[in-house]
Amino acid sequence: RYQNITAEALATTLPEYFDVVVCYEMLEHVPDPNSIIQACQQLLKPGGHLFLSTINRTLKAFSFGIVAAEYLLKLLPRGTHHYDAFIK
């Protein structure tokens, strides 16, 4: 069942509901990544598993994630990623 709802709002309606929460390639696109991570934790049942993935703020990530993917190969629209939003 698809819902157009924030992770924070879902965490208030379904706390400790999920065995597994996956948050991949999203944290670099939101204004407050810590709020998302906290909401994901609240969604987990005790003993549940949280899987996170994000782009690290490195020269390699800038080269491949922005220059190559957005400008050279045009796999993503220009401006999809902002280097200062990548997480250290």
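Visitor: What makes Glu28 a buried residue without a salt bridge?

Guide: This is a predicted model, and in it Glu28 is buried. Buried means under 20% relative accessible area. A salt bridge needs a side-chain nitrogen of Lys or Arg within 4 Å of a carboxyl oxygen. For Glu28, the nearest side chain of opposite charge is Arg57, 11 Å away. That is outside the 4 Å limit, so no salt bridge is assigned.

Visitor: Where is Glu28, and which residues does it touch?

Guide: Glu28 sits in the loop between strand 1 (18–24) and helix 2 (33–43). Neighbours within four places in sequence aside, it contacts Thr54, Ile55, His81, Ala85 and Phe86.

Visitor: Why is the pair Glu28 and His29 called a polar contact?

Guide: Their side chains are joined at 3.4 Å. The cut-off is 3.5 Å, and residues adjacent in sequence count only if both atoms are side-chain atoms. The pair joins side chain to side chain, so the term applies.

Visitor: How do you know that Glu70 has no salt bridge?

Guide: Glu70 is also buried. The nearest side chain of opposite charge is Arg78, at 7.0 Å.

Visitor: What does the side chain of Glu70 reach?

Guide: It reaches the backbone nitrogen of Gly79 at 2.9 Å. Glu70 belongs to helix 3 (residues 59–72). Residues up to four places away not counted, Glu70 touches Gly65, Leu76, Pro77, Arg78, Gly79, Thr80 and His81. Arg78 is thus among the residues Glu70 touches, because contact asks only for heavy atoms within 4.5 Å.

Visitor: How many salt bridges does the whole structure hold, and what makes the pair Lys45 and Asp19 a salt bridge?

Guide: The search finds one. The side chains of Lys45 and Asp19 meet at 3.5 Å, N to O. That is within the 4 Å limit, so the pair is a salt bridge. Lys45 lies in strand 2 (residues 44–53) and Asp19 in strand 1, so the bridge ties together parts 26 residues apart in sequence.

Visitor: Why are Lys45 and Asp19 called partly exposed?

Guide: Lys45 has a relative accessibility of 34%. Asp19 has a relative accessible area of 49%.

Visitor: Why is Ala11 called buried?

Guide: Its relative accessible area is 4%. The threshold is under 20%, so Ala11 is buried. Ala11 lies in helix 1 (residues 7–13). Residues up to four places away aside, it touches Ala39, Gln42 and Leu43.

Visitor: How do you know that Leu75 is exposed?

Guide: Exposed means over 50%, and Leu75 has 63%, so the label holds. Leu75 is placed in the segment after helix 3.

Visitor: Which residues make the nonpolar surface patch?

Guide: Leu59, Phe62, Val67, Tyr71, Leu72, Leu73, Leu75, Leu76 and Tyr83 make the patch, of about 880 Å². Patch residues need over 30% relative accessible area. Leu75, at 63%, therefore clears that cut-off.

Conventions. Residues numbered from 1 in each chain as written. Predicted model: local features only at pLDDT ≥ 70, side-chain atom pairs only at ≥ 80, totals over all residues. Heavy atoms only, no water. Helix = DSSP H or I, 4+ residues; strand = E, 2+ residues; numbered from the N terminus. Buried < 20%, exposed > 50% of the residue type's maximum accessible area, 1.4 Å probe, protein only. Lys, Arg positive; Asp, Glu negative; His and termini not counted. Polar contact = N/O pair within 3.5 Å; in protein donor to acceptor, adjacent residues only side chain to side chain. Patch = residues over 30% accessible without salt bridge, like charges linked within 9 Å, V, L, I, M, F, W, Y side chains within 5 Å. Areas by Shrake-Rupley, 256 points an atom, 1.4 Å probe, with all protein chains shown as cover.
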